Amino acid sequence: MHHTILVTGGAGFIGSNFVHMLAEIRPEARVVNLDALTYAGNLENLEPVAKNARHRFVHGDITKPEDVEKAFQEAKGLGGQLFVVHFAAESHVDRSIVSGTPFVTTNVVGTQILLDASRRHGVEKFVHVSTDEVYGSLGDTGLFTEETPLAPNSPYSASKAGSDLLVRAAVHTHGFPACITRCSNNYGPYQFPEKFLPLMIANATEGKSIPVYGDGMYVRDWLYVRDHCEAILAVLEKGQVGEAYNIGGNNELANLVLVRHVLRELGKPESLITYVKDRPGHDRRYAIDATKIRRELGWSPRFTFAEALPLTIRWYATHSGWLQRVRSGAYREYYARQYGAS
Ligand code: NAD
Ligand code: DAU
């Protein structure tokens, strides 16, 4: 029997990469993609599957039960066993510092509405796509494991931790078949250029300055988005109900080191680096211990940073129209507010 996968947030960065991957490696699967098309959602990201008869797009908001119901009806109409992969979220830390309310609305309330509908419709498995940021910040050493206590520091990560707890409660109280994934920083095609990596690629390409927060020595563990998507699929197909799985690439880099890699790849000068005001409450370091998913589900990243960074840079170079379109309008206003004159 075929599977029908209801994906939320599939017009965003990771969700669209996941949907493309399904079309490629699970071509028999039916996919219903529920997305509100916020500033971060972009139908252009779905062009590669637009003509695929097994893929359907539903324009709707996870905070509206009637929209969620519409997506489930669409999915049920496609038959097969029903699965949910939940990406939809407000995802940018800096925006959550400006205003936390949309984060609570979508990430917390929206997740509960989706959980309630998923339970009512008897889904086989629900994968909640969360983040390593729920664990808080690390010092110079150590790694986040699945046992690390949740200690979120930003309104974004607090809202994601809240949604993780609601998923945990659904499993514990109702025997709901859910898993949680917690991944480190992703990079790759279709990432909205408010995030640091596409922002620096776009700015450097145009010879514009690259805003580095604070001393630039904040550390993130960078993973190519395709590897993240394959890990989520492994959890969907093989993950143990009630378990959380950390996902990471063993690829810790200080922000300044990352910028230097990108400038070198693009043949641009380091003089583009501009130090700007730090992010309030900026987490110093994230690093993931992904032993559990490697051991139990046999997943490991296929792409090295040395391969995937040039692939990513090339993607943005060959999709300059995409980049221009997302950098216009609402994004411009946000950028001006966030970075002022710098
Ligand atoms: P994104 O901001 O690029 O995309 C989010 C998508 O969700 C957009 O298409 C948007 O339109 C949609 N959306 C937002 N609010 C919605 C609502 N109320 N109803 C329906 N759709 C809505 O985000 P992303 O970077 O692709 O992240 C996807 C998920 O992965 C998020 O849950 C995020 O917390 C998690 N995550 C991201 C990273 C990363 O590095 N980007 C790492 C780990 C986990
Ligand atoms: O760790 C997973 C998380 O990674 C996801 O849950 C989030 O959705 C995703 O946005 C990302 O969060 P970060 O805050 O780590 O990503 P961001 O791209 O915003 O920033 C990466 C690092 O670069 C961080 O230390 C802040 C810094 N930075 C960011 C921007 C936008 C800068 O120095 N300058 C900038 O202009």
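**Two ligands and a fold**

Guide: Happy to! Let's start at ligand 2, where a backbone N or O atom of Ser 91 lies 2.8 Å from an oxygen atom of the ligand. That is a polar contact, meaning a pair of N or O atoms within 3.5 Å; within protein, one must be able to donate a hydrogen and the other to accept it, and residues adjacent in sequence count only if both atoms are side-chain atoms. Before we go on: this is a predicted model, in which local features need pLDDT of at least 70 and side-chain atom pairs count only at pLDDT 80 or more, while totals for chains, interfaces and linings use all residues. Residues are numbered from 1 along each chain as its sequence is written, chains are lettered from A and ligands numbered from 1 in the order in which they are written, and side-chain values use heavy atoms, with hydrogens and water left out.

Visitor: Okay! Which side chains have polar atoms by an oxygen atom of ligand 2?

Guide: Tyr 156 has a polar side-chain atom 2.6 Å from a ligand oxygen, and Asn 185 has one at 2.8 Å from an oxygen of ligand 2. The protein covers 94% of the 690 Å² of accessible area that ligand 2 has on its own. Those areas come from the Shrake-Rupley method with a 1.4 Å probe; for residues, only the protein chains shown count as cover.

Visitor: How many residues surround ligand 2?

Guide: There are 24, and the closest are Thr 131, Asp 132, Tyr 156, Arg 279 and His 282. To be counted, a residue needs one of its heavy atoms within 4 Å of the molecule. By class, this shell has 10 nonpolar, 7 polar and 7 charged residues. Here Ala, Val, Leu, Ile, Met, Phe, Trp, Tyr, Cys and Pro count as nonpolar, Asp, Glu, Lys and Arg as charged, and the others, Gly among them, as polar.

Visitor: Which element gives the largest share of that shell?

Guide: Strand 8 does, with 3 residues. Strand 8 (210-213) and helix 3 (93-98) each supply at least two residues. Helices (H or I, at least four residues) and strands (E, at least two) are DSSP runs, numbered from the N terminus.

Visitor: Where do the side chains of strand 8 point?

Guide: Ile 210 and Val 212 point one way, Pro 211 and Tyr 213 the other way, and all are buried. Buried means under 20% relative accessible area, exposed over 50%, and partly exposed in between (1.4 Å probe, protein chains only). In a regular strand the side chains alternate between the two faces of the sheet.

Visitor: What is strand 8 joined to?

Guide: Strand 8 is joined by 4 bridges to strand 13 (residues 273-276), and the two run parallel. Two strands pair if DSSP finds at least two bridges between them. Val 212 has Tyr 275 as its bridge partner in strand 13.

Visitor: Switching to ligand 1, what are its closest residues?

Guide: Of the 28 residues that surround ligand 1, the closest are Ile 14, Asp 35, Ser 91, Tyr 156 and Lys 160. An N or O atom in the side chain of Asp 35 is 2.6 Å from a ligand oxygen, and the side chain of Tyr 156 also has such an atom 2.6 Å from an oxygen of ligand 1. A nitrogen atom of ligand 1 is 2.9 Å from an N or O atom in the side chain of Asp 61. The protein covers 96% of the 830 Å² of accessible area that ligand 1 has on its own.

Visitor: And which element gives the most to its shell?

Guide: That is strand 5, with 3 residues. The shell around ligand 1 has 13 nonpolar, 12 polar and 3 charged residues.

Visitor: Zooming out, how many helices and strands are there?

Guide: The chain has 12 helices and 13 strands. Of its 342 residues, 56% count as buried.

Visitor: One last thing: is Asn 250 buried or exposed?

Guide: Asn 250 is exposed, with a relative accessible area of 59%. Asn 250 sits in the loop between strand 11 (244-247) and strand 12 (252-254). Its phi is near 50°, a positive value in a residue other than glycine. Most residues other than glycine have a negative phi.
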